[in-house]
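Thanks for making time this morning. Let me put the sequence and the model on the screen, and then I will go through a few points in turn.

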Amino acid sequence: MELRRLGESGLQVSAVGLGTNNFAGRLHDEGARAVLNEALEQGITFIDTADVYGRGSETGPGGSEEQLGRLLAGRRHRVVLATKVGFSMGEYAFEKGSSRRWIIQAVEDSLRRLRTDYIDLYQLHVPDPATPIEESLRALDDLVRSGKVRYIGHSNFPGWQISDADWTARVEHLARPISAQMHYNLLVRGIQAEVIPACQAHGLGLVPYFPLESGFLTGKYRPDGQGRGRLTESARAGDVMTPANFERIAAFESFAAEKGHSLLDLAFGWLLSQPIVGSVIASASSPEQVKANVAAAEWRLPAEEMSAISAL
Ligand SMILES: NC(=O)c1ccc[n+]([C@@H]2O[C@H](COP(=O)([O-])OP(=O)(O)OC[C@H]3O[C@@H](n4cnc5c(N)ncnc54)[C@H](OP(=O)(O)O)[C@@H]3O)[C@@H](O)[C@H]2O)c1
């Protein structure tokens with residue numbers, strides 16, 4: 001497994017990571033254990049979760065972290081563990097966001113659920129318009145200084161907020177974010193305009209989420225309605241499975257086939273051919289999917305193929 005530095009930090013992450021937003025909700029212990037074991041077996045060391053994952057399932061928010069903590073027992077030191085804070089975890093207005101009060105409470109809750117005394121990468125899940133970024137960064141800096149958190153990052157920040165956060169941290173001598181987690185894949189490239197240039201300018205690594213557009217970029221969903229998985233049960237199905245997207249998928253598939261590759265190879269290869277990308281954190285429902293994803297991640301596209309994809 002290739003290891004990559006996350007941004008300009010010294011943190012090494014596996015080029016293929018494991019997203020766990022389906023843990024607890026869609027995968028009970030046995031299924032999640034099989035996925036996790038295969039991931040470790042395949043050399044995956046970067047695992048991403050969030051305090052809120054599990055919401056909407058019988059476990060409720062916190063379920064993914066709890067399950068991961070249970071299944072990682074005795075092996076926690078083998079992985080780089082990333083989690084997030086920001087979405088609502090309770091009925092009160094202060095149980096969400098990025099205030100000092102909530103960040104310091106939320107990290108204790110995550111540490112307890114994950115059964116660890118440190119988090120490798122603690123990410124602000126979404127911008128919080130009600131809290132000044134300096135307050136959030138100062139609270140995160142305290143956590144880094146206390147050893148509860150090793151590195152900090154954020155997710156879903158627009159370009160100007162990435163820049164604002166980095167400059168605030170620099171001027172105030174606080175821990176600087178090392179990564180941005182963003183929706184990015186062959187079909188969804190909106191971050192190329194502002195976010196990626198901001199990450200490049202500030203030395204952040206990019207962690208693309210929905211790298212497979214919830215499974216659509218595996219090619220298993222067909223325009224005639226064939227193919228079942230979490231996407232067909234998701235509220236996103238109507239936005240993703242459009243005639244235009246099926247046409248784009250067909251173009252990607254024939255591009256990949258001409259080079260002797262599959263659509264899945266292209267989905268991973270296109271992301272990993274961009275040096276800014278630290279780790280591609282697809283989720284998986286089975287060990288077979290983990291294996292397939294790791295195998296798919298080997299293709300590196302030369303510049304002319306990357307340009308051809310830009311034009312598609
Ligand atoms: N920061 C944020 O705001 C944010 C938002 C969303 C997600 N995330 C992170 O990103 C991670 C990945 O997102 P995601 O899981 O929603 O989307 P995704 O990685 O694009 O799609 C993963 C889903 O595709 C299917 N799949 C995976 N590998 C496959 C294979 N080889 N063959 C066939 N099907 C395959 C599986 O579902 P089925 O088997 O059911 O089809 C799997 O759950 C999450 O776990 C989470 O850590 C972050």
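How do the residues of the shell around the ligand divide into nonpolar, polar and charged? They divide into 9 nonpolar, 16 polar and 4 charged, where Ala, Val, Leu, Ile, Met, Phe, Trp, Tyr, Cys and Pro count as nonpolar, Asp, Glu, Lys and Arg as charged, and the others, Gly among them, as polar.

Please keep in mind that this is a predicted model, in which local features need pLDDT of at least 70, side-chain atom pairs count only at pLDDT 80 or more, and totals for chains, interfaces and linings use all residues. Residues are numbered from 1 along each chain as its sequence is written.

Of the 29 residues around the ligand, Gly-19, Leu-212, Gly-215, Gly-229 and Ser-283 come nearest, a residue being near if its C-beta atom, placed from the backbone, lies within 6 Å of the molecule. Helix α10 gives the most to this shell, with 3 residues; helices here are DSSP runs (H or I, at least four residues), numbered from the N terminus.

Staying with α10, residues 287-296, its buried residues are Val-290, Asn-293, Val-294 and Ala-296, buried meaning that 20 or more other C-beta atoms, placed from the backbone, lie within 10 Å of the residue's own. These residues are on the same side of α10, because they cover an arc of only 160 degrees around the axis, taken from the directions from the helix axis to the C-beta atoms. They pack against α1 (29-41) and α9 (263-272), with contact meaning C-beta atoms, placed from the backbone, within 7 Å.

Note on methods: Buried ≥ 20, exposed ≤ 12 C-beta atoms within 10 Å, placed from the backbone. Helix = DSSP H or I, 4+ residues; strand = E, 2+ residues; numbered from the N terminus. Contact = placed C-beta atoms within 7 Å.
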